[in-house]
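This briefing walks through a few local features of one protein model. Please look over the sequence and the structure before reading on.

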Amino acid sequence: MTGLVFVPRRIAGAIERPRLVDRLTAHDGALAIVRAPGGAGKTSLLVEWAASLPADRVGAWIALDASATTQTAFWTRVLETLRDGGIAEPGSVLGSITPSAEIADRLRAQILRGLNRLGTQLTLVLDDFHLVEDAVVLDDLEWLLANAPGLRVVIATRTLSRLEDPGVRARLDVLVIGFDELTFDADELARVSRGVAIEPARLRELHERVGGWPLATRAAIAELAEGGGDLDRVLARIRSAAVGADSLEGAPDSPLLDAALRLAVTPLVPEGLAAELGGPDAAEHLGELERAGIGGWRSLRGARVFAFHPLVREALREELARRRPRELAAVRRKAAEWLASDGAIFEAVSLAAELGDWELFMRLARPRLGTLLLTHRRELLALVERAPAGEAARNPTLAMLRVILVNALPTSTGRRLHALGGAAIAAARDRLSTRSSRTDAERLWLLVGTMGVQRILGRYEQSLGSARRALELVDRSGPAEVEALGDFAPTILLQLGSTFLYAGQGDTAADLASRAVELAEIMDRPWSAVHAEGLRTVVLATRGEVRAAREAVERLAARVRPEGWRHSYSGSLHAISEAVVALERFDTAAALDAVGRLAAHERTIEHWPMIASIRATASLMRGDLLNGEHALRRVMRERGARAGTSPMMRGMLLSVLADLLIARGDTARARRLLGPSADQPAARLALARVELLAGTPTRAAEAAGVLANDHRLSPRIHAEALLLSAAASARLAPPRTVGELLDDGLALTREHELGRPIMMVPRRALLDAFAAADRDPTGLLDGIPDVFGRDAPPQLTPRELEVLAALRSSPRIDDLAERLYVSSNTVKSQLRSAYRKLGASSRDQALAIAHRHGLLGDDD
């Protein structure tokens with residue numbers, strides 16, 4: 001006899017579940033347990049798995065019932081099935097065993113002897129194993145599995161047993177497939193509903209309402225397909241049939257019902273909470289509920305929790321509200337407090353949201369807000385969105401949290417953010433005005449939240465004011481105040497640091513980042529540590545302290561970090577620092593690769609100006625000027641429609657855009673672009689380049705000279721200012737002065753491993769400075785792109801540009817003449833002149849050259 005015998009027929013219409021079958025097939029251990037409440041598809045899964053086994057697999061399906069629950073009855077059922085299936089042949093050791101009370105102490109040894117004499121591996125599928133009540137059976141199975149190398153057992157059960165204890169699982173290499181894995185996933189839901197006309201939105205709602213419970217899902221789809229009414233009514237009928245919900249109304253009070261009503265206030269019930277809500281007999285009551293098939297145990301963060309079927313919980317919760325409406329809120333609140341204290345923070349705030357108690361929601365959320373934002377960002381937004389409109393005025397921290405969460409959505413519009421943010425800031429301002437009723441910790445939450453929302457709305461000057469007030473509170477906070485901030489404390493320091501970074505106050509930002517790193521390590525917040533180290537490094541990189549930044553980048557990369565940190569939001573500043581360091585050695589591929597890791601965050605990340613600037617600078621280095629300009633303009637337009645950035649960051653963006661124009665020879669447009677930002681150091685340096693290339697060195701010296709004499713500036717700005725001043729002074733100042741400017745600027749580049757300050761000086765002007773100062777540039781310029789020395793664009797007259805632009809849509813000379821109200825000969829003359837200046841011999845070539853230089857007006 002080969003193959004598993006007595007395998008039940010497959011249920012008609014059952015879908016295949018290869019993801020679970022493959023797990024069972026791949027498992028080489030002695031024991032596999034499929035545990036879930038009734039209707040989860042345990043038997044269907046094992047039938048599918050049995051059908052996939054090779055024909056030479058020997059084994060039997062053992063169907064258990066209430067008559068096979070003791071040791072003697074259980075092993076009698078197993079041995080009878082093996083004999084009936086022709087596996088335990090008459091006269092064999094296994095076929096001759098007759099279990100009885102008289103041999104109970106020797107039974108397992110006899111079975112082991114029979115298994116060893118069988119001469120082949122044996123697989124037993126024990127269906128409905130939860131009906132077995134005799135603990136001796138568990139002892140027998142554990143002993144046999146440890147000592148019979150050819151025995152493999154697969155159990156289908158509703159209840160948790162000690163066969164899942166850690167020690168047993170380690171010794172026997174136990175595979176457990178629980179209810180979470182048996183629930184339908186999105187692909188299985190699509191397959192089970194194939195051919196049924198149900199809208200995707202209704203399917204998603206059904207999946208959420210029943211928690212993927214296979215039996216309820218299939219039943220609901222069948223009713224909906226037959227026109228069974230709306231989803232609420234369909235689920236009510238299924239709940240009544242599966243749970244007996246209608247009978248709850250008439251059910252008398254009992255300890256079991258009382259415990260079930262109280263425990264069902266939360267979807268997952270840890271053992272400690274069960275004792276808190278359900279009394280000393282809670283564990284016994286949950287065992288009864290598990291055996292009844294309306295819930296089961298699962299593992300959550302290494303602890304055991306009891307999970308009700310969603311429909312069962314719904315029915316019990318409604319019954320508690322009907323019987324004891326005043327008690328429902330108190331039980332929920334007690335459960336929320338307990339869950340929060342036990343570390344189940346999302347479950348706790350979910351209960352508070354169900355209760356509509358938003359003060360409790362924020363009181364529980366604040367100490368673990370770092371964890372919530374890291375692990376449940378989208379789910380947290382769904383909870384916050386339930387708050388009524390008037391709640392923002394009463395609970396400004398909730399309103400500000402909503403703005404922060406909405407801002408993380410790529411689809412959020414500037415209009416929505418400004419509406420929500422304005423209301424949140426106004427509510428916080430009103431609350432802050434009542435100083436006597438606020439503690440320092442509460443004021444700090446309000447100020448940091450206000451600062452964050454102001455940054456989201458592009459109000460950077462206002463956010464700097466909020467940050468200064470918040471920093472005063474931080475600096476005078478004691479251990480109690482820091483503890484009240486919970487795991488969000490490092491993030492608060494980080495956010496303060498980011499505000500000072502965007503205000504151009506790098507020293508304060510770096511100090512706050514260092515404090516955040518220290519606090520994150522003390523509190524064991526690895527993601528916050530990654531973010532804080534990135535902030536500290538990006539301050540170095542953007543200032544131009546590239547040697548220190550490179551060393552920090554290398555240290556960060558070498559240390560053990562959370563999985564996936566390089567592509568995360570928390571790792572974004574590290575990626576930006578890495579890109580800046582790469583640009584200083586003109587490795588554009590490495591720079592683009594680094595910021596490319598942030599593609600998933602670019603539409604919502606606040607650091608988009610730095611990312612856009614890196615991409616544009618790479619385009620400048622590569623000579624891809626027109627595409628670089630178009631890409632930068634597009635990003636500035638799209639992000640500007642949502643919210644602005646700080647004046648410093650805007651000055652940086654405009655200076656890079658101006659440099660792309662300067663490199664194309666369009667100094668007039670560059671000058672106009674830089675006008676409004678001329679007070680920003682980066683913009684002043686770009687203006688100095690414009691003046692150098694325009695042949696007005698006096699103006700260039702004035703623009704760069706102010707910065708060259710300011711030793712408080714960052715090394716990059718200062719080095720660039722010194723070198724531009726040297727270039728501008730080549731014909732204006734004594735050689736000694738030019739030499740001193742050159743020497744000081746080059747000394748800074750060597751000290752800090754800077755390359756870009758040299759690149760950013762027009763090459764001809766820089767060589768003139770070397771000549772004037774009698775310095776030898778040999779080897780210094782090797783590998784440094786001559787970004788401003790490429791061919792200047794041809795200078796066409798306005799009429800030639802007009803004819804060339806018209807040529808794109810009207811290739812015929814006569815059509816051009818009619819359109820421009822001139823003669824055909826005039827058009828021919830102007831085209832000949834334009835072709836000559838462009839160095840083109842055909843229409844297509846002329847248009848391509850004109851487009852490359854941005855002459856046709858389509859690159860604004």
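This is a predicted model: local features need pLDDT of at least 70, side-chain atom pairs count only at pLDDT 80 or more; totals for chains, interfaces and linings use all residues.

How many salt bridges does a search of the whole structure find? The search finds 61 salt bridges.

**Salt bridges**

- Side chains of opposite charge can pair when their charged atoms come close.
- One of the pairs joins R19 and D185, whose closest N and O atoms are 3.2 Å apart.
- Another salt bridge links the side chains of R35 and E164, with 2.6 Å from N to O. Because R35 is in strand β2 (residues 31–35) and E164 is in the loop between β5 (151–157) and α6 (166–172), the pair ties together parts that are 129 residues apart in sequence.
- Are R35 and E164 buried or exposed? R35 counts as buried at 7% relative accessibility, and E164 is buried as well, with a relative accessible area of 9%.
- R77 and D65 also form a salt bridge, and their closest N and O atoms are 3.3 Å apart. R77 lies in helix α3 (residues 71–84) and D65 in the loop between β3 (58–63) and α3, so the parts tied together here are 12 residues apart in sequence.
- In this pair R77 is buried, with a relative accessible area of 18%, whereas D65 counts as partly exposed at 33% relative accessibility. The cut-off that separates the two is 20%, since buried means under that value.
- Salt bridges can also join up: E629, R633, R664, D666 and R669 are linked in a network of them.

**Positive phi angles**

- Most residues other than glycine have a negative phi.
- F6 is not a glycine, yet its phi is positive, at about 65°. F6 is found in the loop between β1 (3–5) and α1, and it counts as partly exposed at 45% relative accessibility.
- Y821 is a residue other than glycine with a positive phi near 60°. It lies in the loop between α44 (813–820) and α45 (824–838). Y821 is exposed, with a relative accessible area of 76%.

**Helix α36**

- Which residues of helix α36 (residues 667–674) are buried? They are T667, R669, A670, L673 and L674.
- Seen down the axis of α36, these buried residues fall within an arc of 160°, so they line one face of the helix.
- The buried residues of α36 pack against α34 (625–640), α35 (647–663) and α37 (681–693).
- R669, one of the buried residues of α36, is also part of the salt-bridge network with E629, R633, R664 and D666.

**Strand β2**

- Strand β2 is mostly covered, as five of its five residues are buried.
- In a regular strand the side chains alternate between the two faces of the sheet.
- In β2, L31, I33 and R35 point one way, while A32 and V34 point the other way, and all are buried.
- β2 pairs with β5 in the parallel sense over five bridges, and V34 stands opposite A156 in β5.
- β2 also pairs in the parallel sense with strand β6 (residues 175–177), over three bridges. Here A32 stands opposite L175 in β6.

**Glycine 295**

- G295 is placed in strand β8 (residues 295–300), and it counts as buried at 0% relative accessibility.
- What is G295 in contact with, leaving aside its neighbours within four places in sequence? Its contacts are P37, L289, E290, F306, A307, F308 and H309.
- G295 and G227 are 68 residues apart in sequence, and their C-alpha atoms are 30 Å apart in space.

Methods:
Residues are numbered from 1 along each chain as its sequence is written. Side-chain values use heavy atoms; hydrogens and water are left out. A salt bridge is a side-chain nitrogen of Lys or Arg within 4 Å of a carboxyl oxygen of Asp or Glu. Helices (H or I, at least four residues) and strands (E, at least two) are DSSP runs, numbered from the N terminus. Buried means under 20% relative accessible area, exposed over 50%, partly exposed in between (1.4 Å probe, protein chains only). The arc is that of the directions from the helix axis to the C-beta atoms. Contact means heavy atoms within 4.5 Å. Two strands pair if DSSP finds at least two bridges between them.
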